Amino acid sequence: MIKNDYHTFSTVLNRRDFLIASAGTIATCAMSGFPQNALAVEAITLPPLPYMENALEPVITSNTISFHYGKHHKGYVDNLKKFIAGTEYAEFSLEKIITLTAGLPEKAAIFNNAAQIWNHTFYWKSMTPKGGGEPPAALKQKIEAAFGSVDACKKELAGAAVAQFGSGWAWLVLEGDKLKVVKTSNADTPITAGLKPLLTIDVWEHAYYLDFQNRRVDYVNAVLDKLINWEFALQNIG
Ligand code: MN3
């Protein structure tokens, strides 16, 4: 664990843009022997983007990423830290905060910000500059078993993304041993329903409006054709 964090930390140090990154903070805490709860609080930080802000161009511009990551994602982190300061949640991991507050109306502000942090971190990893194309063989086999073909799977994902009314997310998930497409509203995340997310597409307007305006369908299809990270999906199957 610590060895891994050191590795991530040194990678982060090589990227000045992302110097204040969660992995680095965790490694620092681990090295200096902070108590466990301080470690958990520090874990609620903005994780580094897995690529530069302009890496997804021309599909998603650096302008969109700078707002989406630098303002929206960061905003959820800042809000959650404010909301949990001095509460019992300050000692819990992000996943535990999400699980404990899901479905509780009086904890909606904590849940929404925590789930949005999780969803966005997962969304950035669901894309890669050289994405799209053919999934790796092991994943392709599972996709064909569940949907018939890769195209049919992409069509179902695009359909869910476009049909989501208002803000939300389209997901490729594993339910038991079977691949499935689901959509969630606002901050909702499949992890609270016992599903294992493999990929996601953010369909909040802030994800595409600067680049595609109202054409959500064009954004979704471009992500699926050019950016979707099948390797990440395969890793998530484990
Ligand atoms: Mn978003």
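Which residues in H4 meet which residues in H6? Ile 65, His 68, Tyr 69, His 73, Gly 75, Tyr 76, Val 77, Asn 79, Leu 80, Phe 83 and Ile 84 in H4 meet Ala 109, Ile 110, Asn 113, Ala 114, Gln 116, Ile 117, His 120, Thr 121, Tyr 123 and Trp 124 in H6. Contact here means heavy atoms within 4.5 Å.

## What you're looking at

This is a predicted model, where local features need pLDDT of at least 70, side-chain atom pairs count only at pLDDT 80 or more, and totals for chains, interfaces and linings use all residues. Residues are numbered from 1 along each chain as its sequence is written, and side-chain values use heavy atoms, with hydrogens and water left out.

The chain has eleven helices and three strands. Starting at the N terminus, the order is α-α-α-α-α-α-α-α-β-β-β-α-α-α. Both kinds of element are DSSP runs numbered from the N terminus: helices are H or I with at least four residues, strands are E with at least two.

Of the 238 residues, 47% count as buried. Buried means under 20% relative accessible area, exposed over 50%, and partly exposed in between, with a 1.4 Å probe and protein chains only. The accessible surface comes to about 11800 Å², and carbon and sulfur atoms hold 55% of that; areas come from the Shrake-Rupley method with a 1.4 Å probe, and for residues only the protein chains shown count as cover. Among contacts between residues at least 6 apart in sequence, 66% join residues at least 24 apart.

## The manganese site

Four residues coordinate the manganese ion: His 68 (NE2), His 120 (NE2), Asp 202 (OD) and His 206 (NE2), at 2.0 to 2.2 Å. Along the chain, these donors follow the spacing H-x51-H-x81-D-x3-H. Donors are N, O and S atoms within 2.8 Å of the metal (3.2 Å for Na, K and Ca), and water is not among the atoms, so sites may look incomplete.

## H4 against H6

Back to the helix pair from the opening. Two packed helices are described by the angle between their axes and the distance between the axes. For helix H4 (residues 62–84) and H6, the angle is about 145° and the axes are 9 Å apart. Axes are lines fitted to C-alpha atoms, for helices over the stretch in contact, and angles run from 0 to 180 degrees between N-to-C directions.

Gln 116 sits in helix H6 and is buried, with a relative accessible area of 1%. Leaving out residues up to four places away in sequence, Gln 116 touches Tyr 76, Trp 169, Asn 186, Ala 187 and Trp 204.

In soluble globular proteins, nonpolar side chains tend to be buried together. Here the largest nonpolar core has 66 residues, and Ile 60, Met 127, Leu 172 and Tyr 219 have the most contacts inside it. Helix H6 (residues 108–125) gives this core its largest share, nine residues. A nonpolar core is a set of buried Ala, Val, Leu, Ile, Met, Phe, Trp, Tyr and Cys residues joined through side-chain atoms within 4.5 Å.

Not counting residues up to four places away in sequence, Leu 172 touches a list of residues including Phe 147, Leu 157, Val 181, Leu 199 and Trp 230.

## Links across the sequence

Ile 237 is in helix H11 (residues 230–237) and counts as buried, at 14% relative accessibility. Ile 237 and Val 173 lie 64 residues apart in sequence and 9.1 Å apart in space, C-alpha to C-alpha.

Gly 132 is in the loop between H6 and helix H7 (137–147), and at 13% relative accessibility it counts as buried. Gly 132 and Asn 229 are 97 residues apart in sequence, yet 6.6 Å apart in space, C-alpha to C-alpha.

A cis peptide bond joins Glu 57 and Pro 58, with omega about 5°. Pro 58 lies in the loop between helix H3 (36–43) and H4.

Asn 186 has a positive phi of about 50° although it is not a glycine. Asn 186 is in the loop between strand S2 (178–185) and strand S3 (196–202), and is partly exposed at 43% relative accessibility.
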